[in-house]
Structures are given as structure tokens and as C-alpha cells.
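Here are my notes on this one, point by point. Have the sequence and the model open while you read.

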Amino acid sequence: YTFTPSSASYDLAGTIPLRYDHPHPDMILVEKSAVEVDRICKAIGGKLTKANGHFGGCAPIGVKKCAVVVVRNHPLRAEIIRHERAHCNGWGAHHPR
């Protein structure tokens, strides 16, 4: 897959509420190929929010032990991890403010 910043659905403008934008006490990072991330994220019920049809990453919402799955070498890796970590911290899938 080809990834560009315009194809991502990640927080580039600081819209993650501060109450979710902090380190998670028990998060692990799992880096996989784009094909593997798509498969994993679809399997856990991930929803795509942009039309490019591929996941940059995913994570469960509000869990004690949280695995953030991200595409290896994605150009927006840091933003994806921050966004998905916020989901680990309880930020809802509909991205409430």
C-alpha cells in the first residue's frame, strides 16, 4: 500500500482530548505489514473513517492491557501511535471531544 498524510484519519491538528492524550500504563506496540494490520484491525471490529480503505493502526478501547497495532514504517507512525494510545485510554471510536 502507499500511505500519504492526506489518506490518514489520524489526529494531526491536536483534536485528541487531553484526558486521553497521555501514556498508557500497560501498552505494547505491535508493528506489522500493512496487509497484516488490515487483517488484524478488521478482525477486532475496527472501522475505517477515510476512503483509502486501509488501516494505519488500531487498538481496543479502554482496556487495562492494550496492544496498539501499527503499520511498520508508516510515514505517520508517531501520530498513529498517539491516536491509538488515546483509544487505549478510553477515547471512544466516534472520537468525542
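**Notes on the fold**

1. Let's begin with helix α2 (residues 77-88), which has 12 residues and reaches 16 Å from its first C-alpha to its last, close to the 16 Å expected at 1.5 Å a residue. The expected span here is 1.5 Å times one less than the number of residues in the helix. Helices (H or I, at least four residues) and strands (E, at least two) are DSSP runs, numbered from the N terminus. After α2 comes Gly-90, with a positive phi near 110°.

2. A word on provenance. This is a predicted model, where local features need pLDDT of at least 70 and side-chain atom pairs count only at pLDDT 80 or more, while totals for chains, interfaces and linings use all residues. Residues are numbered from 1 along each chain as its sequence is written, and side-chain values use heavy atoms, with hydrogens and water left out.

3. What does α2 pack against? Its buried residues pack against β1, β2 (57-58) and β3 (66-71), where contact means heavy atoms within 4.5 Å. The buried set in α2 includes Ile-80 and Ile-81, but also His-83, Glu-84, Arg-85 and His-87. Buried means under 20% relative accessible area, exposed over 50%, and partly exposed in between (1.4 Å probe, protein chains only).

4. Now the overall layout. The chain has two helices and three strands, and along the sequence they follow the pattern β-α-β-β-α. Of its 97 residues, 37% count as buried. Among contacts between residues at least 6 apart in sequence, 71% join residues at least 24 apart. The accessible surface comes to about 5600 Å², with 55% of that belonging to carbon and sulfur atoms; these areas come from the Shrake-Rupley method with a 1.4 Å probe, and for residues only the protein chains shown count as cover.

5. On to the sheet. The three strands form an open sheet in the order β1-β3-β2, with mixed pairing. The edge strands are β1 and β2, each pairing on one side only. Two strands pair if DSSP finds at least two bridges between them. β1 and β3 run parallel and are joined by six bridges, whereas β2 and β3 run antiparallel and are joined by two. Have a look at Val-70 in β3: Val-70 is the bridge partner of Glu-31, and Val-70 is also the bridge partner of Gly-57. As for cover, five of the six residues of β3 are buried.

6. Which residues make up the largest nonpolar core? There are seven: Ala-34, Val-37, Cys-41, Phe-55, Cys-58, Val-69 and Val-71. The elements giving two or more residues to this core are α1 (34-43) and β3, and the largest share, three residues, comes from α1. By nonpolar core I mean a set of buried Ala, Val, Leu, Ile, Met, Phe, Trp, Tyr and Cys residues joined through side-chain atoms within 4.5 Å. As background, nonpolar side chains tend to be buried together in soluble globular proteins.

7. Ile-28 sits in strand β1 (residues 27-32), and counts as partly exposed because its relative accessibility is 48%. Neighbours within four places in sequence aside, Ile-28 is in contact with Cys-66, Ala-67 and Val-68.

8. The His-24 side chain reaches the backbone nitrogen of Asp-26 at 3.0 Å and that of Met-27 at 3.5 Å. A polar contact is a pair of N or O atoms within 3.5 Å; within protein, one must be able to donate a hydrogen and the other to accept it, and residues adjacent in sequence count only if both atoms are side-chain atoms. Beyond its neighbours within four places in sequence, His-24 is in contact with Val-63, Lys-64, Cys-66, Arg-85, Cys-88 and Asn-89.

9. Last, a loop residue. Lys-47 lies between α1 and β2, and counts as exposed because its relative accessible area is 68%. Lys-47 and His-94 are 47 residues apart in sequence, and 9.8 Å apart in space, C-alpha to C-alpha.
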